[in-house]
Amino acid sequence: MNRIEKLIAKLPENCDGAIVFSMTNRGYLTEFMSSDGTLLVFRDGAFFITDSRYIEIARKKVKGAEVILQGKLADQVAEICKDHGVKELIVEQELTLAQFSMFREALADIRLLDGPELSDAIKGLRAVKEPGEIEMICAAQDITDRAFLEILNYIRPGVTEKQVAAELEYYMRRLGADGLAFGSIVASGENGSMPHAVPSDRKIRKGDLVTMDFGAKLGGYCSDMTRTIAVGQIKDEQLKIYNTVLEAHLTSMAAAKAGCSGKALDAIARGVIDAAGYGGCFGHSLGHSLGLDVHESPMCTPSRDYILPAGTIMTIEPGIYVEGKWGVRIENMILVTEDGYRNLTGSERALITLD
Ligand SMILES: [Mn+2]
């Protein structure tokens with residue numbers, strides 16, 4: 001079964017089909033990425049409408065849908081629906097209000113269902129990676145790991161966070177990345193207490209911890225890793241934080257297995273951090289899935305209980321952030337399996353100290 005056929009099997013019974021408009025959901029289902037396009041999925045077939053910029057390549061690459069050149073989109077969608085006797089269509093929750101209004105106006109005779117069922121069905125498909133997707137994410141991570149080794153030769157007192165980010169990104173591109181999975185984070189010294197700090201002109205100094213969170217994109221797929229390294233001699237408290245985060249990372253990861261609860265894994269990591277006296281210093285979730293997007297469902301979070309299926313890829317990324325002082329985060333990706341997990345990140349996790 002191709003991905004569109006898998007979606008058809010999961011469509012709620014009360015609808016005749018679905019409109020998939022958002023970029024990554026469309027890209028996932030058709031296995032063709034484009035900034036423009038509309039996918040109509042009916043029980044008896046699917047149609048992918050796109051404009052002249054993509055039509056030639058779409059005709060070669062789109063899987064499981066008939067490719068149609070875009071004219072006046074709203075009229076085309078209405079006509080195709082009429083030809084197929086469609087009365088009720090489910091739309092994604094990812095649509096903007098403006099897009100939803102456009103379809104509602106164009107499809108006056110059709111009932112549009114805007115519940116979560118379509119988005120949840122696609123999330124469920126995307127959560128379980130196919131072998132080819134796992135291979136691509138591993139290849140993206142291999143580039144990311146190699147870029148990390150390279151950057152260790154570049155970091156020294158006096159270079160700025162922005163310079164480190166630029167070099168990291170250059171290494172990833174040179175090693176074959178198509179682009180970045182997300183804007184790289186390089187946070188040194190006191191900037192390390194902000195989990196999503198933007199690289200600044202701050203110069204790295206002796207005694208700094210430097211957190212780098214980055215990932216390559218390859219074939220549409222993201223990788224994601226974080227390492228905190230030390231430059232020069234660090235204080236005992238910095239080392240204690242590092243070792244606590246590492247223990248939280250290792251113990252929560254060790255409990256990962258298909259069918260386990262993401263909330264429970266988060267609680268294991270949070271328990272280690274709280275017990276070391278850093279309660280309240282780990283504000284974000286333990287981890288997230290990723291694929292075509294850098295953040296995907298499911299998650300390991302205290303705010304909702306997700307059950308992790310076999311074949312999902314999760315990040316495990318606990319951190320401790322002490323405002324105005326410093327921060328540490330260690331992030332690997334794992335493939336969740338029936339027996340446990342497979343670690344997909346090759347880089348060293350023991351503290352690396354550069355002189
Ligand atoms: Mn991450």
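Before we start, you need one cut-off: a residue counts as buried when its relative accessible area is under 20%, and as exposed when it is over 50%. Also keep in mind that this is a predicted model.

**Exercise 1. Check the span of helix α7, then find residues in α7 that are buried.**

Step 1: Helix α7 covers residues 131-152, which is 22 residues. At 1.5 Å a residue, the helix should span 32 Å.

Step 2: Compare that with the model. The end C-alpha atoms of α7 are 32 Å apart, so the two values agree.

Step 3: Now look for buried residues. Among them in α7 are Ile134, Ile137, Gln141, Thr144, Phe148 and Ile151.

Step 4: Here's a handy bit of background. An α-helix has 3.6 residues a turn, so residues three or four places apart point the same way.

**Exercise 2. Is Ser261 buried or exposed, and what does Ser261 touch?**

Step 1: Find the spot. Ser261 sits in the loop between α9 (236-254) and α10 (262-278).

Step 2: Apply the cut-off. The relative accessibility of Ser261 is 15%, so Ser261 counts as buried.

Step 3: Look for contacts, skipping residues up to four places away in sequence. You get Asp305, Tyr306 and Ile307.

Step 4: Follow the side chain of Ser261. It reaches the backbone nitrogen of Lys263 at 3.2 Å, and the backbone nitrogen of Ala264 at 2.8 Å.

**Exercise 3. Which residues coordinate the manganese ion?**

Step 1: List the donors. They come from Asp224 (OD), His288 (NE2), Glu317 (OE) and Glu331 (OE), at 2.1 to 2.4 Å.

Step 2: Write their spacing along the chain: D-x63-H-x28-E-x13-E.

Step 3: Glu317 is in the loop between β15 (313-316) and β16 (319-322), while Glu331 is in the loop between β17 (326-329) and β18 (332-336), 14 residues apart.

Step 4: Check burial. Both Glu317 and Glu331 are buried.

**Exercise 4. What is the strand order of the open sheet of 6 strands, and which are its edge strands?**

Step 1: Read across the sheet: β4-β3-β2-β1-β5-β6, with mixed pairing.

Step 2: Pick the edges. β4 (66-69) and β6 (111-113) each pair on one side only.

Step 3: Zoom in on one pair. β1 (residues 17-20) and β2 (residues 38-42) are antiparallel over 4 bridges, and Val20 has Leu39 in β2 as its bridge partner.

Conventions: Residues numbered from 1 in each chain as written. Predicted model: local features only at pLDDT ≥ 70, side-chain atom pairs only at ≥ 80, totals over all residues. Heavy atoms only, no water. Donors = N, O, S within 2.8 Å, 3.2 Å for Na, K, Ca; no water. Helix = DSSP H or I, 4+ residues; strand = E, 2+ residues; numbered from the N terminus. Buried < 20%, exposed > 50% of the residue type's maximum accessible area, 1.4 Å probe, protein only. Contact = heavy atoms within 4.5 Å. Polar contact = N/O pair within 3.5 Å; in protein donor to acceptor, adjacent residues only side chain to side chain. Expected span 1.5 Å × (residues − 1). Pairing = 2+ DSSP bridges.
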